[in-house]
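Student: I have a model open here and would like to work through a few of its contacts with you. Shall we begin?

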Amino acid sequence: MNTDVSRFDYSELAQWAQSCLTNCGASGEVARHVAYYLLEGDLLGFSTHGLIRLLNNCQWLKDGKSLPKGQPVVLSERAAVANWDAQFLPGPYVVPQAVNAACEMAKQAGTGTVVLRRSQHVASLAAYLTIATDKGMAVNLMCSTPGQKAVAPFGGKEAVFSPNPFAVGVPSSKEPMLFDISFSMTAAGKVRQAKANGENLPYKALIKPNGEWTDDPLSFFESPGSAIAPLGGEQLGYKGYGLTLFSEIWSMALAQYGRVQGAEDGDANTVWVQVIDPEAFGDKAEFLKQVDRLLDDARNSAPADPELPVRVPGEAALARKREQLKKGVVYAPSTLKVLKRCAEFCEVELPTAASG
């Protein structure tokens, strides 16, 4: 563990975040959800999409770019699908509602799908997976950003797409499998984090306007700036390119709200939520038996490095969550700086942190 960090008591931090949000006009219910799911991102280790985004949420509330209360509008609906307009309600408030609604559909129809347009930034998709897995259901989430161009198509050097995340949650007899990635080589938040920490990216994930590949995050913020490469990079980026198109069509096109209508929507997202009830396909115990065997086979695979055993997606994240709930939520100096700015902006004193 990096000793140059600060730890905060989870309960104190949650209350502080809620107070910041209510001071900026959020209703109690909105504040509770946004604080909880931003913190959930931090607990699971998605620090670029955790409380570091609280300041943005508070600014959007103050500026009227995010609704402080209300409900999504149902635009169309059938037995197992729905299209919602979130009306710029905070993502951590509306996405849990969409997952729960999809779970209810799945109980009746075996599957449920909700697409959301105009959801203010949703933060970490991983934070919402256990809503479904705790109910014994499988879930996949994707989101895109109509107002953002940061990722180049394979073979190109000009940004066209957003760095679209994709997440999957699957129940097992033990802990769920939790998987959250971006269809780009890196997320824009990780580029910002590298810049804030004065570090290069761990690999060449950016393409400069002259076509040169680089790991320098500063190039992303130049004018003109570099573009993020699709997942797979210089040789195999056609894979990430195809998946990026998939994610934007499944979210923006099905929601009927994308780059045509939402080019000025800033960080607001279009979201895809799909839940599957394994019991609709047969015996639940048999499903879990198959999942358990797959996960055990992966864990028991001979590791390339004996010191680094094979892990199942989500194991490290859930262990990190348990550790932080017990010992305190960890923040690096660059994130702590943003939290202090948020405390000043909202006029709510940040809880006292213990070093190390």
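This is a predicted model: local features need pLDDT of at least 70, side-chain atom pairs count only at pLDDT 80 or more; totals for chains, interfaces and linings use all residues.

Student: Which residues does leucine 325 touch, not counting residues up to four places away in sequence?
Tutor: Residues are numbered from 1 along each chain as its sequence is written, and side-chain values use heavy atoms, with hydrogens and water left out. Contact means heavy atoms within 4.5 Å. By that rule, leucine 325 touches Tyr10 and Leu43.

Student: Is leucine 325 buried or exposed, or partly exposed?
Tutor: Buried means under 20% relative accessible area, exposed over 50%, and partly exposed in between (1.4 Å probe, protein chains only). Because its relative accessibility is 42%, leucine 325 counts as partly exposed.

Student: At what angle do α2 and α4 pack?
Tutor: Helices here are DSSP runs of H or I with at least four residues, strands are runs of E with at least two, and both are numbered from the N terminus. Axes are lines fitted to C-alpha atoms, for helices over the stretch in contact, and angles run from 0 to 180 degrees between N-to-C directions. The axes of α2 (residues 28-44) and α4 (residues 91-109) are 7 Å apart, and the angle is about 85°.

Student: Which residue in β11 stands opposite leucine 116?
Tutor: Two strands pair if DSSP finds at least two bridges between them. Strands β4 (residues 111-119) and β11 (residues 269-276) have seven bridges, in the antiparallel sense. Opposite leucine 116 stands valine 271.
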